Amino acid sequence: VTDETLSLGKKKDKEIVADYHKKIKEAFEVFDHDSNNTVDVREIGTIMRSLGCCPSEGELHDLIAEVEDEEPTGYIRYEKFLPVMTEILLERRFRPVPEDVLLRAFEVLDSAKRGFLTKEELIKYMTEEGEPFSQEEMEEMLSAAIDPDTNAIHYRDYITMMVTDES
Amino acid sequence: PGLYHSSTKPRDAGTGVLKATLIIQKWYRGYKARLRARQQYALTIFRSIEYADEQSQMQLSSFFSYMLENYADMCKEDTELVHRFLASQQCIKDRQKYVEFISVPDSYSGPRLQFPLSAVDIDYLLKGFMHQEILHARFVIEMLFETKKVLQQMPNFTHIETSSFEDITICGDLHGNLNDLLVIFYKNGLPSESNSYVFNGDFVDRGKNSMEVLMLLFANFLVYPNKVHLNRGNHEDFMMNLRKTKLNSSSYLQVYGRRILEMLEEVYTWLPIGTIIDNEILVVHGGISESIDLDLLHRIERHKVKSVLIPPMEVNRDHTFELDESKSSVSTTISKKSTSEPLLKYEWEQVIDILWSDPKSKNGCYPNTCRGGGCYFGPDITTKILSKYQLKMLIRSHECKPEGYEICHDGKVVTIFSASNYYEEGSNRGAYIQMCSGMPPRFFQYQTTWATHLKPLRQRVNTMEINAFRMLKERIISRKTDLTHAFQLQDHKKSGKLSLGQWAFCMESVLGLNLPWRTLSLRLVNKDKDGNVDYMSSFQDIHIKKPVEEVQSTVIETLYRYRYDLEILFNIIDSDHSGLISREEFRDTWKLFSSHYNVPVDDYQVDELVNTMDLNKDGSIDFNEFLKAFYVVHKYDTLKQVCITNLIFV
């Protein structure tokens with residue numbers, strides 16, 4: 001590794017960081033309703049996830065603690081958010097799981113291997129296990145996932161739909 | 001929702017199930033957040049374009065100032081033309097002239113009103129409008145006339161007192177959303193002796209039922225003039241309404257439309273500026289400014305604020321001119337016949353500030369560059385002004401808020417917005433406030449939707465996005481020449497490609513829209529594997545229909561871009577309301593317009609185009625046909641039919 005390669009590498013890194021900075025800025029600004037470089041703390045999760053990250057609620061909670069001011073004001077300042085978020089993107093933390101992992105997760109819950117989950121089953125798992133959904137989250141997921149004729153969630157189709165939406 | 005402390009152990013129902021559940025939950029929350037972000041991006045696009053539109057209307061205002069100021073010079077060249085322009089500001093004095101010859105045929109099955117109005121007439125209107133019936137022009141005009149008479153007796157600010165028995169309901173922008181008004185009346189009761197209302201401006205524009213909303217509000221006002229209070233908004237402005245399409249909801253109105261618009265012009269100017277509740281709460285449409293003088297505002301002749309687009313001329317008395325008496329049988333704002341002085345510029349500005357300003361969290365008071373009118377005022381301004389006049393709160397509207405209302409400046413400023421789904425279905429809720437002396441204000445929210453159930457988030461977001469991007473692409477195509485020029489300036493290697501940053505810079509500077517271009521680029525342009533933008537792909541999938549094949553693209557683009565401004569201008573020139581203007585008038589109007597706006601199109605090219613399009617072949621131009629001929633074609637347009645079923649609200 002020569003000096004030249006090293007400095008070229010550094011240049012590339014700088015460009016990548018600059019690129020991330022611009023991405024983060026745009027995502028932040030869209031929620032900065034007052035145009036004063038702050039966002040409501042309740043939007044931080046949305047902003048992070050819109051940048052492609054998939055933290056759990058617990059991880060999100062810890063991250064918020066990192067970007068909050070010493071005396072939490074209910075608002076997060078851009079100056080504190082930017083370095084933390086850049087680090088996350090550089091280290092590729094909280095990457096979403098691949099599609100097939102998601103499929104297998106549904107299959108685990110569908111122990112009878114029917115290819116679907118009933119509405120009651122899904123509600124039970126999502127609102128009682130793991131990091132439970134709120135009622136609003138549950139209703140929202142059902143409204144898009146459920147097949148009104150069978151009252152079941154055909155998870156393969158559901159996953160395909162979500163993935164197509166995102167691309 | 002569901003913020004979960006990481007140190008609390010989740011219930012263990014078998015590690016396999018637990019892990020699977022966590023995976024799904026994590027994924028879903030990520031997906032939902034990204035949907036919400038897309039929704040926010042779409043909203044940003046809508047808002048940005050809306051404000052840019054308002055700004056360009058302000059540009060029109062400076063054009064009119066330019067015309068008025070150069071009157072003397074233009075006089076020599078074309079008295080006729082400018083006469084027409086000024087003549088449009090005539091006063092309507094005689095009701096007889098307008099109502100006399102309009103008879104209502106027996107075959108008319110819509111609501112029939114009896115003046116003076118009573119509660120029964122309001123009932124007829126409600127039932128009629130709920131069945132999508134259209135009010136006959138005769139009743140519309142009578143309504144406007146009666147409303148004007150009563151409004152003239154109202155002061156600039158109505159002072160209201162509430163008591164523990166009598167509260168008051170405050171509604172914000174309705175923007176022609178009849179459904180929202182019906183929901184409010186349903187949930188909160190119709191106005192009556194014991195049910196007072198304040199409607200805080202912007203009753204019209206954008207929604208489909210501006211006329212119906214106005215008729216209902218005015219009818220209620222006529223029956224309960226001391227209980228229904230109507231404040232003027234920035235859209236209660238005849239210039240803004242000169243885009244015929246906004247008020248048209250029937251063939252009757254097409255025939256009498258111009259007459260109705262003239263009357264509306266007057267009614268608007270007589271709307272009060274604001275209300276003051278219990279000597280504590282100021283209710284105005286937009287906001288305040290550093291220099292606001294409530295005492296002055298109580299005194300000025302409010303009806304002289306014709307339009308935000310017509311500032312008072314700096315009357316230069318030296319520039320007297322001889323108006324041919326036979327031609328000027330009308331009074332103009334600068335005619336020697338006018339009985340009183342026109343409004344002073346700073347008085348006019350005070351009213352504009354009231355109607356257009358927005359609160360911001362930054363201290364200070366500075367011009368509202370986004371909208372082009374009024375100012376931005378910070379919490380320090382609010383504190384200063386409120387304490388100066390011993391007030392406790394400012395309630396205003398003017399800005400669309402996702403929840404229908406918003407509180408800022410430490411609880412001293414409340415924004416109330418009553419038009420739900422303002423930008424797009426699902427974009428926002430509407431709200432109203434109930435106020436009672438001694439109690440904190442109570443907020444009520446709703447959202448009307450044409451569907452048998454509220455659609456899932458992803459569908460609402462998709463709809464919003466599609467429409468937001470349509471609007472944005474129309475902007476883009478209308479500036480194709482300027483954009484291409486800007487791109488090529490940056491493209492030193494002539495490769496047809498630019499970096500993302502360069503492309504974003506060009507888009508922002510040419511379009512003047514402060515948007516997250518990098519994120520939006522995914523939907524707007526093609527990029528290669530290195531992330532470089534093929535900039536001409538900005539114009540793919542859309543083009544402006546050329547009414548005539550041989551015409552240059554720049555001409556088409558320019559006419560498309562300025563079509564709304566031109567519509568306003570032509571409507572003014574068309575003094576006999578025939579929908580037709582002569583070729584000379586068109587030519588002269590275009591010349592004035594293009595010189596002021598610095599349009600890079602040769603006059604002869606426009607002339608050529610008009611010649612080719614002279615559909616009437618008799619030297620006159622049907623300008624509506626002309627302007628409609630320039631429309632945008634979206635390559636993948638699929639217009640889905642929406643099934644109108646039940647009206648529900650949440």
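**Interface and local geometry of the predicted two-chain model**

The side chains of Glu140(A) and Arg460(B) meet in a salt bridge at 3.9 Å, N to O; a salt bridge is a side-chain nitrogen of Lys or Arg within 4 Å of a carboxyl oxygen of Asp or Glu. The model is predicted: local features need pLDDT of at least 70, side-chain atom pairs count only at pLDDT 80 or more, and totals for chains, interfaces and linings use all residues. Residues are numbered from 1 along each chain as its sequence is written, chains are lettered from A and ligands numbered from 1 in the order in which they are written, and side-chain values use heavy atoms, with hydrogens and water left out.

Between chain B and chain A the count is five salt bridges. A second one of these pairs Glu136(A) with Lys32(B) at 4.0 Å, N to O. Glu136(A) lies in helix H7 (residues 135-145) of chain A and Lys32(B) in helix H1 of chain B, so this pair joins two chains; helices (H or I, at least four residues) and strands (E, at least two) are DSSP runs, numbered from the N terminus. Glu136(A) counts as exposed at 53% relative accessibility, whereas Lys32(B) counts as buried at 14%. Here buried means under 20% relative accessible area, exposed over 50%, and partly exposed in between (1.4 Å probe, protein chains only).

The contact (heavy atoms within 4.5 Å) takes 45 residues from chain B and 52 residues from chain A. The two chains bury about 4800 Å² between them, 60% of it on carbon and sulfur atoms. In chain B, Trp27(B), Tyr28(B) and Arg29(B) lose the most area to chain A, together 16% of what that side buries. Buried area is the accessible area (1.4 Å probe) that two parts lose on being put together, summed over both.

Polar contacts between chain B and chain A number 14 residue pairs, both residues at pLDDT 80 or more. A polar contact is a pair of N or O atoms within 3.5 Å; within protein, one must be able to donate a hydrogen and the other to accept it, and residues adjacent in sequence count only if both atoms are side-chain atoms. Helix H1 (15-69), helix H13 (457-478) and helix H16 (517-524) of chain B are the elements that give two or more residues to the side of chain B that touches chain A. H1(B) supplies the largest share of that side, 24 residues. By residue class, the side of chain B that touches chain A divides into 22 nonpolar, 12 polar and 11 charged (Ala, Val, Leu, Ile, Met, Phe, Trp, Tyr, Cys and Pro count as nonpolar, Asp, Glu, Lys and Arg as charged, and the others, Gly among them, as polar).

Over all chains the count comes to 33 salt bridges. Within chain A, Glu79(A) forms one with Arg77(A), the closest N and O atoms being 2.7 Å apart; Glu79(A) is partly exposed at 46% relative accessible area, and Arg77(A) is partly exposed at 32%. Within chain B, Lys304(B) and Glu301(B) form another, with closest N and O atoms 3.2 Å apart. Lys304(B) counts as buried at 18% relative accessibility, while Glu301(B) is partly exposed at 36%. A network of salt bridges links Asp358(B), Arg396(B), Glu399(B), Lys401(B) and Glu406(B).

Several loop residues of chain B are buried. Gly172(B) is placed in the loop between strand E2 (168-171) and helix H6 (178-188) and has a relative accessible area of 1%. Not counting residues up to four places away in sequence, Gly172(B) touches Asn200(B), Gly201(B), Ser397(B), Ile416(B), Phe417(B) and Ser418(B). Asn200(B), in the loop between strand E3 (196-199) and helix H7 (210-223) of chain B, is buried at 0% relative accessibility. A polar atom of the side chain of Asn200(B) lies 2.9 Å from the backbone oxygen of Val284(B). Beyond four places in sequence, the contacts of Asn200(B) include Cys171(B), Asn231(B), His285(B) and Arg396(B).

His175(B) lies in the loop between E2 and H6 of chain B, with phi near 50°, a positive value in a residue other than glycine; its relative accessible area is 2%. His398(B) has phi near 80°, also positive, lies in the loop between strand E10 (393-396) and strand E11 (405-408) of chain B, and is buried at 5%. A cis peptide bond with omega about 0° joins Phe115(B) and Pro116(B).

In chain A, UniProt (unreviewed entry) places the feature "domain: EF-hand" at residues 19-54 and 97-132; its positions are given in the numbering used here, feature names are shortened, and annotations may be inferred rather than shown by experiment. Residues 19-54 of chain A are 50% helix and 8% strand, with end C-alpha atoms 20 Å apart. Residues 97-132 of chain A are 58% helix and 6% strand, with end C-alpha atoms 19 Å apart.
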